[in-house]
Amino acid sequence: MKTNPRSAPDVSVRGLTRRFGANTVLRGLDLDIESGEFVALLGRSGSGKTTFLRTLAGLDAVTQGEVRLPANRAVVFQEPRLMPWKKVWQNVTLGLTGADARGRAVAALKEVGLDHRLDAWPATLSGGEAQRVALARALVREPQLLLLDEPFAALDALTRIRMHELVAALWTVHKPSVLLVTHDVDEALLLADRALVLEDGRIRTELKITQPHPRARAMIGFSLMRADLLSALGVDVDGPAGIAKPADTVACRVPDDAKPRRTAPVLRSV
Amino acid sequence: MTDALIPNQGNMLRKFAHSAGRAVTPILILVAWQIASATGLVPERTLASPLHVIGTFWTLIADGELQDNLLVSLRRAMEGLAIGVSFGTVFALISGLSRSGEAAVDAPLQILRAIPFLALVPLFILWFGIGETPKIALVALGTIYPVYLNLYAGIRGIDKKLLEAGACFGLNHWQILRHIVLPGALPSFLVGLRYAVGISWLSLVVAEQINASSGIGYLIMSARDFMRTDIIVVGLIVYGLLGLLTDILIRTLEHRALAWRPSILKG
């Protein structure tokens, strides 16, 4: 377990702007991620959340703005992206330097419950297993920042639940800073310390989730937070005659011309 | 239903019956051929009888004539193949791995490819004389293209997402080449190699029929002068067997090198 001082944030993004031709995807985005914090980034499709993650992964150059990142980062993509010609353990050790790479791979695979498939070919794995290998490949690098790009989107509902539990457990043990890009509001609420909604190239909504782990959908305030995030995403779950919500459960709507306030209302456990 | 799922004795018998069934027609043709020869319907100078061909086969082996000429042919094919595959691989790497390399290498190769390489025989004889060089050069020239074209397509067809993942996990250019590009392009390379082997025999047939004093092609051509159709048929069978054997060899190689492929995993 890491014992980083809580002083400087792990990730610091200021005024990040990214254009593709005439299309501005990110518009002066600001974000800090504290060391060991689990942040979920939500957004409609095309909102730029994947572009932002790719920037943090170093796959997309910073052309305007400032981004400070830890050097040790790892990514889990939506598709496992395993090399089909490498056995499971060799996929985990890909690009790994230092002694006993195989031993470290075995340990990482044990953590995701796949140490019995060390010598399997990726083509023989199920979708969930392949994604667990991808997770092990990221973990084995002991990243300071773990970037998850909709890693569970392509999995079936049951497998997704197990993956949520696995990721929550691994995060509790290793405590990397995490940025999870997702379109699944429930996933964000179950896993993250903070849920952000990206809109018009900026973070427009911020919601702190303080409930202790492990969480379940039955936790207090779940449905209200869910409705808040969904409405920030443009989905009105309550319909026109919505149920009145206590004011302090409403997610912080960041004004258009301001930076996101870091004093988002915190949901009180009753 | 269960027969199809559980391999039992009945199923194996059925498989055997199936292969035996496939052999029926070729055997009938051989029998008909033998009868036609024996009754004089097909004269010896047109086509020797199957039994005569088998007899000649043994005689040629006993004399050592077949083995000697086979070795000469094999050597030409392997040397030409080695040169052609090497050049094809190097060209494919140059043009597959860089845009400027593609500009430099691809256009001239595509232009040259438009000329049927066997048409270069007269020029090769003028350049290289009538020794071993023109024969090996012809094989080499013919085998460059299938290797080049397939490997080049294989390199360019690598999944961009895998390359991106490789870069993400800190691989440098050399490691990306070694761990992602080359293994990913290997299936295409092996397809090219299989074509190349086929073409090497084809070019050998042509090369050995021109001014050769040894080799299977020479055996066939000199048999023609004496109207020995039995020896000609033996030569044709050897060519056929060579093609078949090398194909099996490359399939085995594919099976081992590409053990990770879903099609092989299922099989």
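Q: With which side chain does the side chain of B:Glu254 make a polar contact?
A: This is a predicted model. In it, the side chains of B:Glu254 and B:Arg194 make a polar contact at 3.3 Å.

Q: Is B:Glu254 buried or exposed?
A: B:Glu254 counts as buried, because its relative accessibility is 15% and the cut-off for buried is under 20%.

Q: Where is B:Glu254 found, and which residues does B:Glu254 touch, not counting those up to four places away in sequence?
A: B:Glu254 belongs to helix 11 of chain B, residues 229–257. Leaving out residues up to four places away in sequence, B:Glu254 touches B:Leu190, B:Val191, B:Arg194, B:Ala259 and B:Ile264.

Q: Staying in chain B, at what angle do helix 5 and helix 7 of chain B pack?
A: The angle is about 145°, and the axes of helix 5 (residues 99–113) and helix 7 (residues 132–156) of chain B are 12 Å apart. The crossing of these two helices of chain B is left-handed.

Q: Which residues make that contact?
A: Helix 5 of chain B contributes B:Arg99, B:Glu102, B:Val105, B:Asp106, B:Leu109, B:Gln110, B:Leu112 and B:Arg113. From helix 7 of chain B come B:Tyr145, B:Tyr148, B:Leu149, B:Tyr152 and B:Arg156.

Q: How many of them are nonpolar, polar and charged?
A: The residues of this contact comprise seven nonpolar, one polar and five charged.

Q: Now to chain A: what is the strand order of the open sheet of three strands?
A: The order is 2-1-4 in chain A, and the pairing is antiparallel.

Q: Which strands of chain A stand at the edges?
A: Strand 2 (23–33) and strand 4 (64–68) of chain A do; each has a single partner strand, so one side of each has no neighbour in the sheet. From one strand to the next, the twist averages 20°.

Q: Which helix packs on the sheet?
A: Helix 1 of chain A, residues 49–57, packs there and touches strand 1, strand 2 and strand 4 of chain A. The direction of helix 1 makes about 120° with that of strand 1 of chain A.

Q: How many bridges join strand 1 of chain A to strand 2 and to strand 4 of chain A?
A: Seven bridges join strand 1 to strand 2 of chain A, and four join strand 1 (residues 11–20) to strand 4 of chain A. A:Val11 stands opposite A:Ile33 in strand 2 of chain A, while A:Ser12 stands opposite A:Arg68 in strand 4 of chain A.

Q: What phi does A:Gly21 take in the hairpin?
A: A:Gly21 takes a positive phi near 65° in the hairpin of strand 1 and strand 2 of chain A, where two residues lie between the strands.

Terms used:
Residues are numbered from 1 along each chain as its sequence is written. Chains are lettered from A and ligands numbered from 1 in the order in which they are written. This is a predicted model: local features need pLDDT of at least 70, side-chain atom pairs count only at pLDDT 80 or more; totals for chains, interfaces and linings use all residues. Side-chain values use heavy atoms; hydrogens and water are left out. Buried means under 20% relative accessible area, exposed over 50%, partly exposed in between (1.4 Å probe, protein chains only). A polar contact is a pair of N or O atoms within 3.5 Å; within protein, one must be able to donate a hydrogen and the other to accept it, and residues adjacent in sequence count only if both atoms are side-chain atoms. Contact means heavy atoms within 4.5 Å. Axes are lines fitted to C-alpha atoms, for helices over the stretch in contact, and angles run from 0 to 180 degrees between N-to-C directions. A crossing is left-handed if the near helix is turned anticlockwise from the far one by less than a right angle, and right-handed if clockwise. Ala, Val, Leu, Ile, Met, Phe, Trp, Tyr, Cys and Pro count as nonpolar, Asp, Glu, Lys and Arg as charged, and the others, Gly among them, as polar. Two strands pair if DSSP finds at least two bridges between them.
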